[in-house]
Amino acid sequence: MSDVASRSGAGDSSGRGTPQGAAVTVAGLRLTIDGKPILNGIDLELPRGKVTGLAGESGSGKTMTGMTLIGLQPDNAVVTGSVLFDGRELVGLPAREWGSVRGTRIAMVFQDPTASLHPMLSIGRQLTDHQRHHLGLPKREALARAESLLERVGVPDPAGALKKYPHEFSGGQLQRIAIASAIACDPELLIADEPTTALDVTVQAGILALLRSLCDDLGLTVVLITHDFGVLSSLADEIAVMRGGVIVEHGSRYDVIRQPTHPYTRELIESLPMHELAEAGALGAPGASEGTE
Ligand SMILES: Nc1ncnc2c1ncn2[C@@H]1O[C@H](COP(=O)(O)OP(=O)(O)OP(=O)(O)O)[C@@H](O)[C@H]1O
């Protein structure tokens with residue numbers, strides 16, 4: 001077990017309860033690369049339909065945790081421990097079985113949206129290929145669904161956007177399209193790794209609000225990986241703080257920000273501007289943390 005300071009409120013972040021339980025239960029997850037320890041015993045429950053923020057300094061293992069959840073760790077990595085997803089053990093899942101999980105039931109968006117989009121294929125082709133392959137939809141149906149997906153993620157003129165190519169969009173719009181592609185097959189779990197880091201501050205808030213609304217409206221479980229604790233202070237239901245390949249603190253956003261138990265979490269909070277603390281409810285009454293957008 002890691003020395004995580006977990007709170008009784010974890011999994012029940014806002015007082016509303018999480019009757020559906022955990023979408024994913026990670027226990028004693030370890031990962032080494034060429035013998036070098038990277039993850040040193042991660043214990044983490046991701047409550048269904050909530051945003052869990054994974055914070056921590058560079059190199060603490062946030063990305064590697066996300067990659068391991070979706071089975072994309074480097075080939076030379078050795079993974080032990082347990083990742084239980086819908087009653088299925090993902091650690092050691094054979095490659096052929098990942099095909100029915102990755103991209104369909106668990107999806108990921110990255111800092112650079114172009115990483116998940118082909119530069120030479122139209123957006124319509126990319127969104128429909130994905131659905132036709134995974135969902136077996138006929139072309140016409142896949143196109144209609146792609147259009148409504150683009151509408152759902154806030155891309156203007158969805159029908160026109162389907163005919164365009166990635167280079168014709170701004171970074172913020174591309175990230176919306178990458179999110180549309182990620183949710184195209186109705187996944188239960190979405191891992192967003194620094195999804196706003198490469199974007200202008202003016203568009204960051206829109207992408208974060210989109211992730212929040214997907215979680216609230218679709219019941220999507222979201223893992224939001226970020227080095228920016230301020231992002232989590234206004235958005236996440238729960239916050240897990242990583243350092244040195246372990247989770248050192250995990251609880252509801254309100255508890256973690258208002259009553260951090262680990263010195264490193266305190267450091268992160270002390271670096272936050274006052275207005276972000278106020279938004280997180282850390283300066284007001286407990287009810288102030290309820291609004292998440
Ligand atoms: N492909 C790889 N081969 C070897 N070591 C790696 C590889 N990818 C990551 N690492 C190492 O794993 C550790 C954790 O990296 P990871 O990217 O998960 O950190 P992070 O918390 O996401 O940091 P950042 O915010 O900088 O991305 C680091 O020491 C990193 O150097």
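Two residues count as in contact here if their C-beta atoms, placed from the backbone, lie within 7 Å. With that in mind, welcome to this predicted model.

**Overall layout**

The protein chain holds 11 helices and 11 strands. Of its 293 residues, 44% are buried. Among contacts in the protein chain with a separation of 6 or more, 68% join residues 24 or more positions apart.

**Two domains**

The protein chain is divided into domain 1 (5-105 + 187-289) and domain 2 (117-184). Where they meet, 12 residues of domain 1 are in contact with 10 residues of domain 2. On the domain 1 side, helix α7 (residues 201-218) gives the most, with 5 residues. That side of domain 1 has 9 nonpolar and 3 polar residues, with no charged ones.

In soluble globular proteins, nonpolar side chains tend to be buried together. The largest nonpolar core here has 74 residues, and A192, L211, V222 and L224 are the ones that touch the most other members. Helix α6 (residues 171-183) gives the most to this core, contributing 6 residues.

Take L224 as an example. Leaving aside neighbours within four places in sequence, L224 is in contact with V51, G53, L54, A192, L211, L232, L235 and A236.

**A closer look at helix α6**

Helix α6 has 13 residues and reaches 18 Å from its first C-alpha to its last, close to the 18 Å expected at 1.5 Å a residue. Is this helix largely enclosed or largely open? Because 11 of its 13 residues are buried, α6 is largely enclosed by the rest of the structure. The buried residues of α6 include G172, Q173, R176 and A182. Its packing partners are β7 (106-109), α3 (123-135), α4 (139-152), β8 (189-193) and α7, all of which the buried residues of α6 pack against.

**Around the ligand**

The residues around the ligand are I33, I38, G56, S58, G59, S60, G61, K62, T63, M64, P74 and H227. Helix α1 (residues 62-69) gives the most to this shell, with 3 residues. The table sorts the shell by class.

| Class in the ligand shell | Count |
|---|---|
| Nonpolar | 4 residues |
| Polar | 7 residues |

Methods:
Residues numbered from 1 in each chain as written. Predicted model: local features only at pLDDT ≥ 70, side-chain atom pairs only at ≥ 80, totals over all residues. Near = placed C-beta within 6 Å. Helix = DSSP H or I, 4+ residues; strand = E, 2+ residues; numbered from the N terminus. Nonpolar A, V, L, I, M, F, W, Y, C, P; charged D, E, K, R; others polar. Domains from an automatic or database assignment. Core = buried A, V, L, I, M, F, W, Y, C linked by C-beta atoms within 7 Å. Buried ≥ 20, exposed ≤ 12 C-beta atoms within 10 Å, placed from the backbone. Expected span 1.5 Å × (residues − 1).
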